[in-house]
Amino acid sequence: MNTTDPRIHQVLDGELSIDALPAELRHALESVSAAADLLVAPVPGPSLESRIMAEVRRPASSYLRRVASWLATPHAITFRVRPVWSLAFAAAAAAFTLFFARDAGPQLGEHEGIAQFVGRFPDARSVHVVGTFNDWRPGTIALEDLDHDGVWTATVVLPTGTYEYMFVVDGERWVPDHLADRLVADDFGRENSVVIVRPVHR
Amino acid sequence: MDVNGAPSDAEIVARVLGGDTEAFGFVIRRYEAGLLRFATRMLGSRDAAADAVAEGLVRAYRHLASCREPARLRTWLYRIVTNRCKSHLARRSVGDVPLDEAPPLADPADGEAALERAEQLALVQRALTGLSPDKREAFVLKHVEGLSYEEMAAITGERIPTLKMRVHRAREALLKVLEEET
C-alpha cells in the first residue's frame, strides 16, 4: 500500500520544487535524504588495483582451458520438476539402493551419517576441514585433489547432527564453504558454513 | 582528454584495445570507489563487494572490445558489476533475507560524532539489506550513485516506469523501518 505522499517522490525525482512541499511533509523527505547521504560515504579499505591488474596482465586462457575450467567449477543448477516425476525418481533411487547397493560402502551406526566436503582451490598446496566436529583443530581431516584439477574433496563419517565448519587452505587461510547448506555468523564477525549430517538407514 | 589533462574513457578504451594493458589502471582508479560503494551497499559486505568489483573489472577488461559505446564506459561497468552482485546474492541464497555482516564500526578514538554517524549508517544499511535486491538496486543507483532513470534503465535493462516504482517502494519501505527504529 502506498503510504507516502506522492509529492515527496516528485521532489526526490526532481519533478517538483521543494518549495511546493508543505512543511509537514518535509520530515519524510529529509529522512530519505539523510539516509542516502550516509550511504554515499566512501567505503574504506585497500585499493583493488594491484589485484585486478595482476589478473589482467596474465595471458588469457585458451577456449578449451576455459571450458575445462567451467566444467570443473561448482555451479548452482536449478531443476524445475513436476512433483510426480521427482517422487518417481526418488522411488526408483530407493529401490536401486535397496536391491543393488545393500552391501556396498562402510557399515555405519544407527546414529552416524556421511558428510562430503568439496571446495575449489586451484593454487592450494593443502586443504583441511575444521569445525565443531573436530573442535576446530586444523590438520585432522585433509581434503584430497587426486587429479590436480583444483577441486578438493573429503568424505567423512560423523555422528548425526548439525555442524559448523570452515576450510583451512595451506594451513593458514580460513575460508567458508559458500556452497554449504547454510552460512552463519561466528563470534569473530566471519561466517561459518553449516552441514547437517543425517542418519543413513540400511 | 578532459580539462585536467586526464584521458577520456573513449581514449582509454582505445589504448587498451590497442595493446596498452597498463592503461586499464585509469579505468580502475576512476571507477573503483563508486563501484565498490555500490557493491557494498548491494551485498552488505565489503569483502564480498571487493570480490564482485574485482571479478567485474577483470571481466570488463577481457570483454572490452564488446563495449559498443566507450564514451559510456561507466554505465557499462555498472551493468557488469550489477550482474556480479546478483550472481553473488544468488550463490549465497540470501534473496530477501537481510545480510548479517554489519558495516565496520567507527574507532572510539574518532569521537562521539563519528560513532553516532557509524551507528546511523549501520541502521540504514540494515534497513537497506532488508529490501528485496531489485528495490535495493534501484534505490542505490538512484540515491547513492546519483544516476538518472535513463542511466539506470541502461544498466538494469528495465523500463523507466518499473524503476521508478521500485525506487518509490524502496523509499517507503526504508522510511517505515527508519521511523520504527528511531
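Accessible areas come from the Shrake-Rupley method with a 1.4 Å probe, and for residues only the protein chains shown count as cover. On that basis chain A exposes about 13700 Å², of which carbon and sulfur atoms supply 57%. This is a predicted model, in which local features need pLDDT of at least 70 and side-chain atom pairs count only at pLDDT 80 or more, while totals for chains, interfaces and linings use all residues. Residues are numbered from 1 along each chain as its sequence is written, chains are lettered from A and ligands numbered from 1 in the order in which they are written, and side-chain values use heavy atoms, with hydrogens and water left out.

**Chain A**

- The secondary structure of chain A comes to five helices and seven strands, where helices (H or I, at least four residues) and strands (E, at least two) are DSSP runs numbered from the N terminus.
- Along the sequence of chain A the pattern reads α-α-α-α-α-β-β-β-β-β-β-β.
- Of the 202 residues in chain A, 31% are buried; buried means under 20% relative accessible area, exposed means over 50%, and partly exposed is in between (1.4 Å probe, protein chains only).
- Contact means heavy atoms within 4.5 Å, and among the contacts in chain A with a separation of 6 or more, 61% come from residues 24 or more positions apart.

**The interface between chains A and B**

- The size of an interface is often given as the accessible area lost when the parts come together.
- Chain B and chain A bury about 3600 Å² between them, with 62% of this area on carbon and sulfur atoms; buried area here is the accessible area (1.4 Å probe) that two parts lose on being put together, summed over both.
- Three residues, B:Arg46, B:Glu172 and B:Leu175, supply 15% of the area that chain B buries against chain A, more than any other three residues.
- The contact takes 37 residues from chain A and 40 residues from chain B.
- Six salt bridges are counted between chain B and chain A, a salt bridge being a side-chain nitrogen of Lys or Arg within 4 Å of a carboxyl oxygen of Asp or Glu.
- The side chains of B:Lys164 and A:Glu15 meet in a salt bridge, with an N to O distance of 2.5 Å.
- There are also 17 residue pairs in polar contact between chain B and chain A, both residues being at pLDDT 80 or more; a polar contact is a pair of N or O atoms within 3.5 Å, where within protein one must be able to donate a hydrogen and the other to accept it, and residues adjacent in sequence count only if both atoms are side-chain atoms.
- On the side of chain B that touches chain A, at least two residues each are supplied by helix H2 (24-43), helix H3 (46-62), helix H4 (73-92), helix H5 (112-129), helix H6 (133-144) and helix H8 (160-181) of chain B.
- The residues of that side of chain B divide into 17 nonpolar, seven polar and 16 charged, where Ala, Val, Leu, Ile, Met, Phe, Trp, Tyr, Cys and Pro count as nonpolar, Asp, Glu, Lys and Arg as charged, and the others, Gly among them, as polar.

**B:Val53 in helix H3**

- B:Val53 is found in helix H3 of chain B and is buried, with a relative accessible area of 0%.
- Leaving aside its neighbours within four places in sequence, B:Val53 is in contact with B:Leu35, B:Leu36, B:Ala39 and B:Val81, and also with A:Leu48.
- The C-alpha atoms of B:Val53 and B:Leu35 are separated by 6.5 Å, although these residues are 18 residues apart along the chain.

**Salt bridges within chain B**

- Over all chains the structure holds 17 salt bridges.
- The side chains of B:Glu55 and B:Arg84 meet in one of these (3.1 Å, N to O); B:Glu55 lies in helix H3 of chain B and B:Arg84 in helix H4 of chain B, so the pair ties together parts that are 29 residues apart in sequence.
- B:Glu55 is partly exposed at a relative accessible area of 28%, whereas B:Arg84 counts as buried at 15%.
- B:Arg74 forms a salt bridge with B:Glu151, the closest N and O atoms being 3.9 Å apart, and the pair links helix H4 with helix H7 (residues 149-156) of chain B across 77 residues.
- Both partners count as partly exposed, B:Arg74 at 28% relative accessibility and B:Glu151 at 25%.
- B:Arg166 in helix H8 of chain B meets B:Asp134 in a side-chain salt bridge (3.7 Å, N to O), and B:Asp134 lies in helix H6 of chain B, 32 residues apart from B:Arg166.
- B:Arg166 counts as buried at 15% relative accessibility, while B:Asp134 is partly exposed at 34%.
- Salt bridges that share partners join B:Asp134, B:Glu158 and B:Arg166 into one network.
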